[in-house]
Amino acid sequence: MSKLTKNQKLALEKIEAGKAYSLMEASALVKEITTTKFDASVDVDVRLGVDPRKANQMVRGVVSLPHGTGKQIRVLALCTPDKEAEATAAGADYVGLDEYINKIKGGWTDVDVIITMPSIMGKIGALGRVLGPRGLMPNPKSGTVTNEIGNAVKEVKQGKIDFKVDKAGIVHTSIGKISFNPEQIKDNAKEFITTLIKLKPSSAKGTYIKSIYLSSTMSPGIKIDPKSVDEL
């Protein structure tokens, strides 16, 4: 096991062992314990009391973060010519169809989100082997397959993210940057966690939110008291 650096030791000393912090306390503390020279991402990990192997306990959804993600999201709009102007006006970084489908077939995936139309999904299905492993495959459930191309592009640019529970029953996502102030981190985290709670499957029994941790890139995790989310 590698030795802790001086900064890592100082960060751990600021976290009280065994304590579950309020969401507001954790949002301020995560800034204190982050020493990276770059603008680190702020992440939330939530362990759910579900069995993702069962279709009726799969948790998946989208959320629009009040303060955005802090990232420059590169959006590709694969659309028909009559929708190209709408996509461009909404802020899509790349707009087109066949030329980008061919680029993707050749291995190009330098985008963060792909938005397309239902009528085009037949063409895009063949790209599953390239897009699927990278989490780039458009999906109606995440709002990335729609005829409202302009609205979809705007929402993604403004901070809409999609998420789903993994095989271990954990939902992990980035909800901002360490340059955000504590209030912004708290607001974004609360919006995400509240959305998760609303998505509780009716078939899930027992404790639904088992644990919540807030961290930044390379920082220790800060345990959050789930009850504090309801109190805000």
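Residues are numbered from 1 along each chain as its sequence is written. In this predicted model local features need pLDDT of at least 70 and side-chain atom pairs pLDDT 80 or more, totals for chains, interfaces and linings use all residues, and side-chain values use heavy atoms, without hydrogens and water.

Biologist: Is Met218 buried or exposed?

Modeller: Met218 is found in the loop between β8 (209–216) and β9 (222–224); strands are DSSP runs of E, at least two residues, and helices runs of H or I, at least four, numbered from the N terminus. Met218 has a positive phi of about 70 degrees, although it is not a glycine. Buried means under 20% relative accessible area, exposed over 50%, and partly exposed in between, with a 1.4 Å probe and protein chains only. Because its relative accessibility is 64%, Met218 counts as exposed.

Biologist: Which strands stand at the edges of the sheet?

Modeller: Strands pair if DSSP finds at least two bridges between them. The open sheet of four strands runs in the order β7-β1-β8-β9, with antiparallel pairing. Each edge strand has a single partner, so one side of each is left without a neighbour in the sheet; these strands are β7 and β9.

Biologist: Which residue is the bridge partner of Tyr213 in β9?

Modeller: β8 and β9 pair in the antiparallel sense over three bridges. In β9, the partner of Tyr213 is Lys223.
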